[in-house]
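Here is a friendly walk through one protein model, taken piece by piece. Please keep the sequence and the 3D view open as you read.

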Amino acid sequence: MFELIFCDKINVYQELEKAVARHICGSFEIKRTENGKPYINGNPVYFSISHSKQKAVIALCNKPVGVDMELFGEKKYSNILSRLSTEEQNEINGKQAGFLKNWTAKEAYIKMLGGTLNEYLKRLEYRQEKIFLDKIPQNCDIFPHEYDFGIVTVSIYN
């Protein structure tokens with residue numbers, strides 16, 4: 001099971017509750033980990049939320065999932081680009097969409113783990129459509145998609 005739901009940022013939690021309710025019999029409570037990742041205790045429905053400006057996206061899945069969204073024109077990336085590996089820089093090739101695919105892939109992966117940028121970002125690479133942690137390919141699928149407004153990437157644990 002996998003669903004991607006777009007909505008306005010202001011309605012994201014109401015949309016999340018409606019979406020989760022379609023997959024759960026009975027009542028449920030959305031909780032948060034110490035890092036702020038929302039979850040439902042003891043339930044096989046995994047979800048992730050991302051928002052940028054007034055837009056939001058929710059990913060629902062039967063496996064651990066992370067989602068990130070970035071709008072075009074929103075993020076200045078020239079100062080971050082120099083911190084990426086040569087392979088990553090070559091794939092990005094100076095293009096905003098390339099950078100946003102890289103960035104959202106890393107953020108979606110971190111969200112899937114329930115981690116923080118601080119603990120993972122310097123250790124991650126996104127190249128050849130795969131995530132590498134400490135140079136080791138990770139057991140997840142990365143699905144970047146370009147829309148007219150920006151990039152949305154989903155990371156799903158295998």
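In strand 11, Thr 153 is the bridge partner of Pro 144. This is a predicted model, in which local features need pLDDT of at least 70, side-chain atom pairs count only at pLDDT 80 or more, and totals for chains, interfaces and linings use all residues. Residues are numbered from 1 along each chain as its sequence is written, and side-chain values use heavy atoms, with hydrogens and water left out.

**The sheet around strand 11**

Strand 10 and strand 11 run antiparallel and are joined by seven bridges. Two strands pair if DSSP finds at least two bridges between them. Strands (E, at least two residues) and helices (H or I, at least four) are DSSP runs, numbered from the N terminus. In general, the strands of a sheet pair through backbone hydrogen bonds, either parallel or antiparallel.

The open sheet here has three strands in the order 6-11-10, with antiparallel pairing. Strand 6 and strand 10 stand at its edges with a single partner strand each, so one side of each has no neighbour in the sheet. On average, neighbouring strands of this sheet are turned by 10° against each other, direction ignored. Helix 4 lies across strand 6, strand 10 and strand 11, and runs at about 150° to strand 6. Such angles run from 0 to 180 degrees between N-to-C directions, with axes fitted as lines to C-alpha atoms, for helices over the stretch in contact.

Which residue does the side chain of Asp 68 touch in a polar contact? The partner is the side chain of Ser 50, at 3.2 Å. A polar contact is a pair of N or O atoms within 3.5 Å; within protein, one must be able to donate a hydrogen and the other to accept it, and residues adjacent in sequence count only if both atoms are side-chain atoms. Asp 68 is found in strand 6 and counts as buried, at 3% relative accessibility. Buried means under 20% relative accessible area, exposed over 50%, and partly exposed in between (1.4 Å probe, protein chains only). Leaving aside neighbours within four places in sequence, Asp 68 is in contact (heavy atoms within 4.5 Å) with residues including Trp 103, Glu 107, Lys 111 and Thr 153.

| Strand pair | Bridges | Residues standing opposite |
|---|---|---|
| Strand 7 and strand 8 | four | Glu 125 and Phe 132 |
| Strand 8 and strand 9 | two | Leu 133 and Ile 136 |

The hairpin of strand 7 and strand 8 has two residues between the strands, and Gln 128 there takes a positive phi near 50°. Gln 128 is exposed, with a relative accessible area of 53%. Asn 93, in the loop between helix 3 (86-92) and helix 4, has a positive phi of about 55° although it is not a glycine. Asn 93 counts as exposed at 52% relative accessibility. Most residues other than glycine have a negative phi.

**Aromatic rings and charges**

How many aromatic pairs does the structure hold? There are five. Rings of Phe, Tyr and Trp (its six-membered ring) pair if their centres lie within 6.5 Å; planes under 30 degrees apart count as stacked, over 60 as edge-to-face and the rest as tilted. Phe 6 and Phe 149 are an edge-to-face pair, because their planes are at 75°, with the ring centres 6.0 Å apart. This pair links parts of the chain 143 residues apart: Phe 6 is in strand 1 (residues 2-8), and Phe 149 is in the loop between strand 10 (140-146) and strand 11 (150-157).

Tyr 77 and Phe 99 form a stacked pair, 4.6 Å centre to centre with 15° between the planes. Both Tyr 77 and Phe 99 are buried, whereas Phe 6 is partly exposed at 37% relative accessibility. Phe 6, Tyr 147 and Phe 149 form one aromatic cluster.

Charges also sit over rings, meaning that NZ of Lys or CZ of Arg is within 6 Å of the ring centre and within 35 degrees of the ring normal. Lys 55 lies over the face of Phe 149, 4.7 Å from the ring centre. The charged end of Arg 127 sits over the ring of Phe 132, 3.8 Å from its centre.
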